[in-house]
Amino acid sequence: MTDRSPKEDIEAIKRENLTGRQLRLARRLAQKNGLDARSDLDAVRLLRQAGIEPFSAPQPGDSALNQPAALNTLPVKGKGKDLPGTRISAQEQELNIRLIQEKLVRRRQRRIFASLAKLFVFIALPTIIAGYYYANLATPIFASHSKFVVQKNSAPTSSAGGLLAGSSFATATESISVQEYLQSRPVMIKLDEEYGFRKLFENPDVDAVQRLDTDASNETSYKLYQKRVKLSYDPTEGVIGLEVSTPDPQASFDISNLLHSYAEEHITQMTSRSRNDQIRGAEEAVIKAEENFRGAQERVIELQSEQGIISGETEISMLMGQIGTMEEELRILELDLDELLSNANPNQARVDAKQRQIDRLNARISGLRGQMTDGTDQAASLSRIQSQLQSAQVELAMRQELIQASVQGLEVARLEAESQAIYLNRAVEPQIADDNTYPKVFENTLLSFLVFAGIYLLITLTYSILREQMTT
């Protein structure tokens, strides 16, 4: 050994990369030789300082202190302290190896037996209990199957409507609404009030697992209802499937018919609401058009009564006739006046009389023309009155046409409301089951086995991972 410090010796021993088994062997050998080692590396250092190589095979001439603790030496208990063991024969060594192998085999057998016991307790035994329950204890459940379709009588008014009218998309919204309604809590409460749905499962003849407590809440009853009343909707075909399962086959049949009637009532309410809204809108349009027509009619009557004129055209034609007659008389008087003035000595009295007649006719004609245009008095002119009457009469005619259009729209709305009626068509009628549908013994037992096996595997893997993390 060179003159190095203990720390340098330990660092040199670390670089040898000794195994854990070698270090433990050196520690035991140091204890046997009475060396006070603080660590496994320190034990190797102290043994080498004492001239003992802990990892070399023993030589025949070596003393007991100089021999390393090999596999063929065993400690011998003495009075007061342990003494180094002596060498054993090959037969004894073989016997010891056989004993160790038998112990390993027994340990492996115990582990296998423990694993099998765990598999039996946590998988096989629960599966057997579940299979026994499904085969012997579970109450038979009878299911009634039926299918129905929500259809609409609609005459397509556009190309898009024609494409969708014959498909299931035309009633997809109504079908989904019916499905959600039948699976709702109010339907469960209504069914319980009318038929006694809860009493079917509160019967003592029902097994304890499927039995419903007499004081169960609506939430618990609703969960049972969702489990026993199943609806499925096929969007491609538009068919709604209904399955009702109860302990009594007649009850399943009756409940199926009741649910069908509930669905029909729901559809009737939906369609009646939409039809009533459509017809109500058309009726309101007719009432409003009639009110507007009466207002326009009263305006025409008011103008006629205020001006005292029934028809402006008639009045104008009468005035024009009067003006024409007076103008004819005026031309005759003017001719007579010209004839009097053509004389060498005309009678001035007659000339003045003719001239006064001509002036009166001109004034009369001007007055009549003023009544047709601006008027000579404070009364309104016939042209203005005629314009007002024409406007009022045009509005009256328009309101009359609107009434006819509104009445026609009301008739169309009624026809469309009747043609767009939605109804429920039963594709498959419910039947009374002659054999129980549930429980399915083999399928349920196999499912139980898979569930228990999965839980056991999950717990085992979790425990193994945690133990490995804790030991590293």
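Which residues of helix α6 (residues 172-182) are buried? Select the helix and you'll find A172, E174, S175, V178, Q179 and L182 (buried means under 20% relative accessible area, with a 1.4 Å probe and protein chains only). They cover an arc of only 165° around the axis, so they sit on the same side of α6. That arc is taken from the directions from the helix axis to the C-beta atoms.

Before moving on: this is a predicted model, where local features need pLDDT of at least 70, side-chain atom pairs count only at pLDDT 80 or more, and totals for chains, interfaces and linings use all residues. Residues are numbered from 1 along each chain as its sequence is written, and side-chain values use heavy atoms, without hydrogens or water.

Zoom in on β3 (residues 142-152) and β5 (residues 239-246), joined by eight bridges; F142 has T246 as its bridge partner in β5.

Now show helix α7 (residues 185-195) with helix α9 (residues 218-228): they pack at about 95°, axes 10 Å apart. That makes them roughly perpendicular (65 to 115 degrees). On the α7 side, pick R185, V187, M188 and L191, which meet N218, E219, S221, Y222 and Y225 in α9 (contact means heavy atoms within 4.5 Å).

Last stop: E401, in helix α13 (residues 382-419). E401 counts as exposed (over 50%) because its relative accessibility is 53%.

Note on methods
Helices (H or I, at least four residues) and strands (E, at least two) are DSSP runs, numbered from the N terminus. Axes are lines fitted to C-alpha atoms, for helices over the stretch in contact, and angles run from 0 to 180 degrees between N-to-C directions. Angles under 35 degrees count as roughly parallel, over 145 as roughly antiparallel, 65 to 115 as roughly perpendicular and the rest as oblique. Two strands pair if DSSP finds at least two bridges between them.
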